[in-house]
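Subject: Structure for you to look at

Hi,

Here is the structure I promised to pass on. Could you open it alongside this email and follow along as I go through what turned up?

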Amino acid sequence: MAKSTLLLLLHLHFLLLFISSSSAAASRPAFACAPESPAVSLPFCGTSLPIRARVRDLVGRLTREEKIQMLVNKAAGVPRLGIAGYEWWSEALHGVSNVGPAVRFGGAFPSATSFPQVISSAASFNASLWEIIGIAVSDEARAMYNGGQAGLTMWSPNVNVFRDPRWGRGQETPGEDPTVSGRYAAEYVRGLQQPYGHNRLKLAACCKHYTAYDLDNWKGVDRFHFNAVVSKQDLEETFNVPFKACVVEGKSASIMCSYNQVNGIPSCADPNHLRNTIRGQWGLNGYIVSDCDSVDVLYNNQHYTSNPEDAAADTLKAGLDLDCGSFLAQHTGSAVQKGKVSDGDIDAAVTHTVAVQMRLGMYDGEPSEQHFGDLGPNDVCSSAHQELAAEAARQGIVLLKNNKRGALPLSTANLHTVAVIGPNSDATVTMIGNYAGVPCGYTSPLQGIGRYAKTIHQMGCTNVACTGDDQPIDAAVDAARQADATIMVVGLDQSIEAEGRDRESLLLPGRQQELVLKVAAASQGPTVLVLMCGGPVDVSFAENNRMILWVGYPGQAGGAAIADVIFGAYNPGGKLPVTWYPEEYVEKVPMTTMAMRADPSKNYPGRSYRFYTGPVVYPFGHGLSYTTFSHSLARRVPAEFAIPISNSLRANYVNLIELNRTVPVIHAQCDGLHILVHVDVKNLGRRDGTHTVLVYSSPPVGHSAPTKQLVAFKKVYVVAGRQIRVIIKIDVCKDLSFASVDGIRRIPIGDHNLQIGELTHSISVKVDGLRI
């Protein structure tokens with residue numbers, strides 16, 4: 001049985017980093033610069049030269065047509081220079097996936113480890129875990145590349161903010177909070193890319209879908225036609241935050257632009273977003289790729305341009321480097337001939353993509369002789385990776401409700417039989433969510449529970465939709481009457497929430513609610529409700545006298561993890577990464593309204609815990625444990641804090657600061673400007689457990705800042721009866737600022753309240769040398 005401690009993760013981390021593989025990687029031919037290549041002596045094959053010089057040499061040797069054929073995901077080779085074709089599209093959202101055409105399962109690589117869906121891993125609030133998963137996935141992807149069955153450019157992760165609970169792809173994201181999403185982006189990208197040497201990469205990650213993309217198909221509005229009307233304030237403070245973290249902190253090698261328009265301009269044709277923000281302000285060292293067929297969509301669906309040449313020109317000049325599709329290969333040549341785009345624009349795009357390929361070692365000759373060249377079949381679905389998948393599933397489970405007597409965990413000493421009921425009770429494929437591959441194997445909930453007790457199994461619904469008069473609910477009720485305890489596993493699957501499929505309701509589908517109520521009424525013992533879904537569901541009806549778990553889509557080992565939590569082998573410590581709204585929320589809030597802030601004049605309640613003003617089923621950050629924890633400040637936190645600004649600015653801005661009672665972040669001297677908070681976390685119960693320290697900040701009144709904002713979080717393991725000290729570093733300019741209506745980040749002057757569990761502490765923020 002796995003030890004449920006963070007030490008396990010550290011051991012796994014070292015295993016993943018240092019264990020040597022005994023497997024012989026299948027030989028794949030060199031992409032370029034093989035010993036027999038006609039170009040092996042040319043400068044672009046010279047590994048001792050700087051990558052910039054090698055790229056410049058290669059691009060200078062290519063014809064215009066050769067470069068144009070490199071502008072698409074199925075990039076053509078250049079035989080005369082010994083360069084093979086390359087398929088750029090691979091996916092690794094939560095394990096190597098065969099959604100992209102570059103990945104093929106079979107032969108020496110029949111499967112890959114399927115980790116929990118991202119929304120589940122996010123619920124762990126364990127940043128170290130996110131990076132470790134990325135490392136494991138990168139091992140498997142690189143091994144499959146060595147065997148000729150995957151690419152090296154992974155179009156993952158999805159870091160869009162989960163703005164609306166109906167979004168079918170919210171399951172792919174780290175949730176609704178931009179701080180959490182940004183941290184996830186940076187950690188997972190670091191794990192995938194594993195940079196080494198001088199600017200070299202193990203894999204190339206890609207954060208998607210930039211920007212304000214969070215609607216697929218809702219009531220006739222689809223992503224191919226949707227124009228997201230977004231304020232500068234919300235772009236700066238919410239939608240762009242994860243992407244900035246991805247580039248600036250994670251050093252991602254790529255960003256993907258989205259299908260939708262933002263304020264009337266297609267994302268993939270907006271130079272302000274691509275060239276000025278991503279590459280200019282954030283300093284992307286890599287390439288920008290379109291979502292698949294986005295360039296075609298902006299011409300043929302959105303009719304943004306009057307001819308295909310303008311579409312090709314607009315995207316290339318905006319800063320797009322690679323088209324997932326064939327549009328640029330078909331129309332860039334005629335765009336050049338008509339003077340709409342220049343050879344320099346094409347050269348810039350090819351320079352960015354080739355540079356990433358060179359950083360990956362693709363122009364260094366024989367793959368088996370390079371870094372990671374020894375990775376092979378034994379490094380995929382290894383026992384270490386499969387145990388990591390199980391541990392990640394356990395860490396992502398959220399205990400939403402336990403009855404007053406603490407009926408969970410269940411004791412096997414008092415149970416002869418357990419009724420296992422529900423449309424997801426024997427789920428396998430459902431557990432891995434979307435953008436998954438072929439898993440190493442499955443442990444369904446029924447199988448996991450069967451390891452602890454004798455089971456009586458009835459589905460209760462023939463499928464998740466659970467419609468029609470012929471649903472076997474009565475058989476499920478009979479099973480509950482015969483058992484000592486009942487575990488119901490209900491929820492959603494990809495037929496209800498998925499890419500291209502948004503929900504219109506937050507209720508359980510079809511007759512699932514009826515199933516839950518009837519089975520619970522008939523149950524002869526404890527009744528546990530397990531919710532398997534990506535997006536939130538309104539289960540207000542099930543609040544009375546029931547124990548409730550949310551397990552997300554927990555990956556290949558999900559059933560084992562669920563059983564470990566229910567029967568007490570693991571103490572749950574997950575927290576909700578999204579707000580769970582009541583059904584009435586979607587009845588009054590159109591999915592197409594992008595505004596984050598509440599507007600009482602329009603009866604608009606706002607979005608996410610940072611702005612929402614209405615009732616909730618469960619709040620963001622909610623999650624119980626089989627033990628209890630307390631917090632106390634271990635050291636004095638300052639009651640006042642002065643923001644330094646330069647003397648030249650002080651004279652010019654004193655009146656403006658007094659008027660707005662804010663300091664623009666660009667005018668503050670931010671280097672080293674932070675507050676340390678020392679918190680002692682004590683485990684007051686009899687069970688060891690993990691706990692997430694969530695640190696929120698509430699701003700002074702009178703500003704349009706979020707009501708509260710998560711500024712830091714830290715996962716810790718605390719032995720029963722012991723305490724551990726956590727040091728939280730609060731970056732004043734980043735964490736205590738907000739975006740004003742003009743999109744400029746400002747630090748409010750006045751009292752900021754820090755909230756850590758039951759603790760609150762007020763800090764009066766002032767301007768150094770000014771008495772305001």
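In α6, the residues P178, S181, G182, A185, A186 and V189 meet V241, P242, A245 and C246 of α8. By class, that contact has eight nonpolar, two polar and no charged residues. The axes of α6 and α8 come within 8 Å and cross at roughly 30 degrees, which makes α6 roughly parallel to α8. The crossing of this pair, α6 and α8, is right-handed. Do keep in mind throughout that this is a predicted model.

Next, have a look at α5 and α14. Helix α5 covers residues 127-146 and helix α14 covers residues 383-396; they pack at about 150 degrees with their axes 11 Å apart. The two are therefore roughly antiparallel, given that angles over 145 degrees count as such. Their crossing is left-handed. On the α5 side the contact uses L129, I132, I133, A136, D139 and E140, and on the α14 side H385, L388, A392 and Q395. Sorted by class, the contact of α5 with α14 has six nonpolar, two polar and two charged residues.

And how do the axes of α11 and α12 cross? Helix α11 (residues 308-318) and helix α12 (residues 327-337) have axes that come within 8 Å and cross at roughly 100 degrees. These two helices, α11 and α12, are therefore roughly perpendicular to each other. P308, E309, A311, A312, T315 and L316 of α11 make the contact with F327, L328, H331, T332, S334 and A335 of α12. By class, the contact of α11 with α12 has seven nonpolar, four polar and one charged residues.

Now the aromatics. The count comes to 26 aromatic pairs. One of them is Y581 with Y585: the ring centres are 4.0 Å apart and the planes are at 20 degrees, so the pair counts as stacked. Both Y581 and Y585 are buried.

Then a few backbone items. Most residues other than glycine have a negative phi, and most peptide bonds are trans. Here are the exceptions I would like you to look at:

- S156 and P157 are joined by a cis peptide bond, with omega about 10 degrees. P157 sits in the loop between α5 and α6 (178-193).
- L408 and P409 are also joined by a cis peptide bond, with omega about 5 degrees. P409 is in the loop between β11 (398-401) and β12 (417-421).
- K251 is not a glycine, yet its phi is positive, at about 60 degrees. K251 lies in the loop between α8 (241-248) and β7 (254-257).
- S608, not a glycine either, has a positive phi of about 70 degrees. S608 is found in helix α20 (residues 608-611).

Are K251 and S608 buried or exposed? K251 has a relative accessible area of 54%, so K251 counts as exposed. S608 has a relative accessibility of 2%, so S608 counts as buried.

Cheers

Terms used:
Residues numbered from 1 in each chain as written. Predicted model: local features only at pLDDT ≥ 70, side-chain atom pairs only at ≥ 80, totals over all residues. Heavy atoms only, no water. Axes fitted to C-alpha atoms, helices over the stretch in contact; angles between N-to-C directions. Helix = DSSP H or I, 4+ residues; strand = E, 2+ residues; numbered from the N terminus. Parallel < 35°, antiparallel > 145°, perpendicular 65-115°, else oblique. Left-handed = near helix turned anticlockwise from the far one by under 90°. Contact = heavy atoms within 4.5 Å. Nonpolar A, V, L, I, M, F, W, Y, C, P; charged D, E, K, R; others polar. Phe/Tyr/Trp six-rings, centres within 6.5 Å; stacked < 30°, edge-to-face > 60°. Buried < 20%, exposed > 50% of the residue type's maximum accessible area, 1.4 Å probe, protein only.
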